[in-house]
Amino acid sequence: MSHDSPRIAVLLPCYNEAAAIAAVVRDFKTALPNAAIYVFDNNSTDNTVEVARQAGARVFSEKHQGKGYVVRRMFADIEADVYVLADGDGTYHAPASAPMVEQLLKDHLDMVVGVRQSRPEDQTYRLGHAFGNRLFTRIVSVLFGNDFTDILSGYRVMSRRFVKSFPANTRGFEIETQLTIHALELVLPCAEYDTPYAARPEGSVSKLNTYRDGAKILLAITVLFKETRPLAFFGLLALLCACVSVGLGVPVVIEYLHTGLVPRFPTAILASGVGLMALIFVIAGITLDTVSRNHRELKRLFYVSHAASGVRR
């Protein structure tokens, strides 16, 4: 791969986006004239496929429902040096893709995230979505040392080494969170780029459910924290159990010291059991931390097997 002529692929997951997809394809063709535009349809019931083909996109189909499945298929099937991931709903600013690609190549980065900037009067962000984004960004920052300000953005430019080392294993809108945590886990060079965020065109409807998908994203963060930071995860559970055990057991011990009797046997047994659970959690955390380190090293080895962005190998 060379900086002068990288193969660029624009990846557009779609589900019932006939109202917007033609304009999105045209805008990306204008912004990145040398890029190949791929639309991956996810069981649309409207004429998204026909409209995308007429606009000049290469159209593929993914039958498993969910954005995570679509992104997994995209990353597996498409070969390129630079990948531009956006949505087919017309909310992302296609002209921003050119400077984002340039920044990725010039600085030898693995991911540039398009940070969505919308005017309050446009009401492109629902209140629950804006609050959820800030909340999840803060949670990821605490758990993983996050350097990002918009972890749920679906507008990303990524290197080949990032895409091919990404272990996609989520099904829905949690995929953006997993992309972010993958970069943080391997300490990959990344950056952000402010980009306008527009309202959907008339006839295009959001598929994101604020509470249902928010719960899925929170669960995904918890699972990824357990898998990538098992010692911290089980250490917190061990600390919680230890506090409960001490809280239950101290009164029993004090009473025994004063009277020589243990009249509350159920409480004493419960305190001992919870204390044993704390020890088990510590052992589990230490054991799984070793496994997690090995998995991280394997991902790192697979990552470095590909050339860096903008570097000829």
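**Ground rules**

Axes here are lines fitted to C-alpha atoms, for helices over the stretch in contact, and angles run from 0 to 180 degrees between N-to-C directions. Helices (H or I, at least four residues) and strands (E, at least two) are DSSP runs, numbered from the N terminus.

This is a predicted model, where local features need pLDDT of at least 70, side-chain atom pairs count only at pLDDT 80 or more, and totals for chains, interfaces and linings use all residues. Residues are numbered from 1 along each chain as its sequence is written, and side-chain values use heavy atoms, with hydrogens and water left out.

**The α9 and α10 pair**

Take helix α9 (residues 230–259) and helix α10 (residues 265–304): their axes come within 8 Å and cross at roughly 165°. The two are therefore roughly antiparallel (over 145 degrees). α9 passes α10 in a left-handed crossing, meaning the near helix is turned anticlockwise from the far one by less than a right angle.

**The sheet**

Seven strands make an open sheet with mixed pairing, in the order β3-β2-β1-β4-β6-β5-β7; strands pair if DSSP finds at least two bridges between them. At the edges sit β3 (58–61) and β7 (190–196), each pairing on one side only. On average, neighbouring strands of this sheet are turned by 20° against each other, direction ignored.

Strand β1 (residues 8–14) runs parallel to strand β2 (residues 36–41) over six bridges, and Ala9 has Ala36 as its bridge partner in β2. Helix α1 (residues 21–31) packs on the sheet, touching (heavy atoms within 4.5 Å) β1, β2 and β4 (82–85). The direction of α1 makes about 170° with that of β1.

Note on methods
Angles under 35 degrees count as roughly parallel, over 145 as roughly antiparallel, 65 to 115 as roughly perpendicular and the rest as oblique.
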